[in-house]
Amino acid sequence: MSKTKLYIMIANLLLVLGFFFFNIVKNERILNSGEIVLMRLRPVDPRSLMQGDYMELRYSIGDNIRNGAWQREQKSEYDEQHKYCVVRLDKDRVASFVRTTDDEEDLKDGEILLRYSKGKKVRESYVSFGADSYFFQEGTGAKYENAKYGMLKVQTTGSLIGTCRLVGLCGEDKQLIE
């Protein structure tokens, strides 16, 4: 093997490793410094024969975004021109929908931005907050069947503002299911 090919292979390896390292650092920053937000779940079938035990997550706030777009435009597709959902947290940190926006500065006191995009599956389009599924150990699905909230960490400052990462699922008592 020539030295040129070896250098190209090493450079490619370093690029791939750098990409993974950057994503790990970004996600750890969100998990360490993000603000806790509870989002009410809407029921979705929690099993997959091919992937094992996991739960597909859909949030009722996503329904607010889709329904609001339908009322404005009389169509079933939701508003893709906005990239943020503005929510307000109650005393238990449960998010409630306020509006959609594309302006990061368009916040009032007590409001938080959540970045969203269009998620698409074969039979369904939905609003994705970047936390669309939760995998759990095989045989432990019964304790997650009654999950009512998804606990997310949301970055509230910087270039990743509004980015969500799933921490876990919570029951009706708003406590993390262990």
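A cavity, for this tour, is a set of grid points where a 1.4 Å probe fits but cannot get out, and a residue lines the cavity if it has an atom within 4 Å of one of those points. Keep that in mind, and remember that what you have open is a predicted model.

**Stop 1: the whole chain**

Start with a cartoon view of everything. The secondary structure comes to 2 helices and 12 strands. Now colour by accessibility, if your viewer can do that: of the 178 residues, 38% count as buried. Contacts tell you something about the fold too. Among contacts with a separation of 6 or more, 58% are between residues 24 or more positions apart.

**Stop 2: the cavity**

How many cavities of 30 Å³ or more does the count come to? The count is 1. The space in the largest cavity is about 40 Å³.

Helix H2 gives the largest share, with 3 residues.

**Stop 3**

Arginine 42 and aspartate 63 form a salt bridge, and their closest N and O atoms are 3.1 Å apart. This pair joins distant parts of the chain: arginine 42 sits in strand S1 and aspartate 63 in helix H2, 21 residues apart. Both ends are partly exposed, arginine 42 at 24% relative accessibility and aspartate 63 at 23%.

Side chains of opposite charge can pair when their charged atoms come close.

**Stop 4: more salt bridges**

In total, the count comes to 8 salt bridges. Here are some others to select.

- Arginine 58 and glutamate 56: their side chains meet in a salt bridge, at 3.3 Å from N to O. Are these residues buried or exposed? Arginine 58 is buried, at 3% relative accessibility, and glutamate 56 is buried as well, at 15%.
- Arginine 40 and glutamate 172: here the closest N and O atoms of the salt bridge are 3.8 Å apart. The two residues come from distant parts of the chain, arginine 40 from strand S1 (residues 35–42) and glutamate 172 from the segment after strand S12 (164–170), 132 residues apart. Arginine 40 is partly exposed at 33% relative accessibility, and glutamate 172 is partly exposed at 47%.
- Arg88, Arg99 and Glu111: select the three together, and you will see them linked in a network of salt bridges.

**Stop 5: the cysteines**

Next, look for sulfur atoms. How many disulfides does the structure hold? The number is 0.

A disulfide here would need its two sulfur atoms within 2.5 Å. Cysteine 164 is buried, at 1% relative accessibility. Select cysteine 170 too: this residue is buried, with a relative accessible area of 0%.

**Stop 6: two backbone angles**

Finish with the backbone. Select arginine 93, in the loop between strand S5 (84–89) and strand S6 (95–101). Arginine 93 is not a glycine, yet its phi is positive, at about 75°. Its relative accessible area of 30% makes arginine 93 partly exposed.

Then move to lysine 174, in the segment after S12. Lysine 174 is not a glycine either, and it has a positive phi of about 65°. At 23% relative accessibility, lysine 174 is partly exposed.

Definitions and conventions: Residues are numbered from 1 along each chain as its sequence is written. This is a predicted model: local features need pLDDT of at least 70, side-chain atom pairs count only at pLDDT 80 or more; totals for chains, interfaces and linings use all residues. Side-chain values use heavy atoms; hydrogens and water are left out. On a 1 Å grid over the protein atoms alone, a cavity is a set of points where a 1.4 Å probe fits but cannot get out, and a pocket is an open set with protein on both sides within 12 Å along at least five of seven lines; lining residues have an atom within 4 Å of a point. Grid points are joined across faces, edges and corners, and a volume is the space filled by probe spheres set on the points. Helices (H or I, at least four residues) and strands (E, at least two) are DSSP runs, numbered from the N terminus. Buried means under 20% relative accessible area, exposed over 50%, partly exposed in between (1.4 Å probe, protein chains only). A salt bridge is a side-chain nitrogen of Lys or Arg within 4 Å of a carboxyl oxygen of Asp or Glu. Contact means heavy atoms within 4.5 Å.
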